[in-house]
Amino acid sequence: MRKTSNIWLALVLSTLLAFVAACGTHSSSTPSSSGSTTVPAGENLYVLDGYAPQGAAKTGNQQIIAFHPAGANPDKLVSLPMGLTSSDHQRLYRATAKNGQTTVAILNTRTGATIRTLTIPGTYSTGQYFDNAMLSYNGQWLALRQMNQAENQTTIALIDTQAGRVTKTIHLSGYFDLDAVSPDGSRIYLLERLNDGTGHYYVRLYQVDQNQLMQGAIIDKTIPNDIMIGTALTRQMASDGQTAYTLYVDTVHNIAFVHILPLAGDFLGARCIDLPIGKSSDLLRYYTLALSPNGSTLYAANGALGVASAISLTGDDEVFNDKVESTVRFNPGSLNMTSSDKARLLHNGAVLSHDGNTLYVAGVRGIWAFNTTAISTGNSSVVQGNYLTQQAFTSVAISSDGRTLYAVDPTSGITLLDSATGQVRQVIQGPAQAPWGIEWIAN
């Protein structure tokens, strides 16, 4: 999603960036396996199984599988259907339609047991297209967009999951996708598709407590003619659920940016922060996001382009004072992109160490380890390591004790590495057959 007013500027920058030499020092290592490792007792990985690269047909067979990462072939503890989870990952919300009715089920993620169900009229889903379903950060408010409607009609059901009832059914003229729900359920943010053949759309606000679609779009007022274009790649949420940080890319125009959207408060607007690009838009999908533990810094890194940026989220501004604090460039190495590399989609492709000092990122090959202080200060000595440089990964996560890094490869399984050295400790082969990413870790 990016502004049409900045398209030509972005294209000029993409050409200039091709001539900029990388500042960082490339650190490459291929550690050898040293046998099994000890992971925290009671630690379970919840893994999205069913990798689907860019352009692949959606099979509907994806599921979330939980297991304890001990031994090369751990047993499955529970399997869950695709759905939406609240920030604490205690509950999963699933909507399935049949014969003109939809059953909304709330599941216990530890056991897979159904806690509550609700049946509503209409055809809704929390399947693979999440623009048809959105959950508030605390899990109380579930918004569902009715499927298979005419392009000029949109129906949205807002469900209070704690009360177990539909609180409002919203009918709108026009084509709207869901974008976000405020923590108190009073606001639903929408993407209004313009259907003008360009892919443009506006961010709109439906005010639930006022029963109306607010006039005008939610825009970055510093950018004239702020019409949006592009695809959401990944999102981070503030710890209180009141701000969404979404990374968008537009491969047609070679643009990447972070869209900052406050979901609560008196300020009705947004901010868009442009990210560094290169001469090949195929590399944009390697962008990742990670939010510092204290919520003060958002990191955007791309192991294929060789860039890492720190976005400051603190300051004296009465609304927010976000800006690119620093960008560091490093040498990503010689990349011979294969067709699978160009189609690869990361899923939770970055993670911070618990102290916030190290950022781990999946690149085209291997896992990058960056010093976050170096990113924030512009120090060229940003690379701490580049592990398993001959292997392709789609996701990374870190154990609850911070000692083990989990790296996901849909083909070979999940590799356990020493988070400090990158030394391989163990490779897990299953029970996920084609693991895409680690959704969360439970203890």
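## Core, sheet and a buried proline

The largest nonpolar core holds 39 residues, and Leu275, Tyr287, Leu298 and Ile367 have the most contacts inside it. A nonpolar core is a set of buried Ala, Val, Leu, Ile, Met, Phe, Trp, Tyr and Cys residues joined through side-chain atoms within 4.5 Å; buried means under 20% relative accessible area, exposed over 50%, partly exposed in between (1.4 Å probe, protein chains only).

The model is predicted: local features need pLDDT of at least 70, side-chain atom pairs count only at pLDDT 80 or more, and totals for chains, interfaces and linings use all residues. Residues are numbered from 1 along each chain as its sequence is written, and side-chain values use heavy atoms, with hydrogens and water left out.

| Residue | In contact with |
|---|---|
| Leu298 | Gln236, Tyr245, Val258, Leu289, Ala290, Leu291, Ser309, Ala310, Ile311, Leu313 |
| Pro40 | His68, Ser399, Ser400, Asp401 |

Pro40 lies in the loop between helix H1 (7-17) and strand E1. Helices (H or I, at least four residues) and strands (E, at least two) are DSSP runs, numbered from the N terminus. Pro40 counts as buried because its relative accessibility is 14%. Between Pro40 and Asp401, the C-alpha to C-alpha distance is 6.9 Å, at a separation of 361 residues in sequence.

An open sheet is formed by four strands in the order E3-E2-E1-E32, with antiparallel pairing; strands pair if DSSP finds at least two bridges between them. E3 (76-81) and E32 (435-442) are at the edges with a single partner strand each, so one side of each has no neighbour in the sheet. E1 (residues 44-49) and E32 run antiparallel and are joined by six bridges; Asp49 has Pro435 in E32 as its bridge partner.

Definitions and conventions
Contact means heavy atoms within 4.5 Å. Lists of a residue's contacts leave out its neighbours within four places in sequence.
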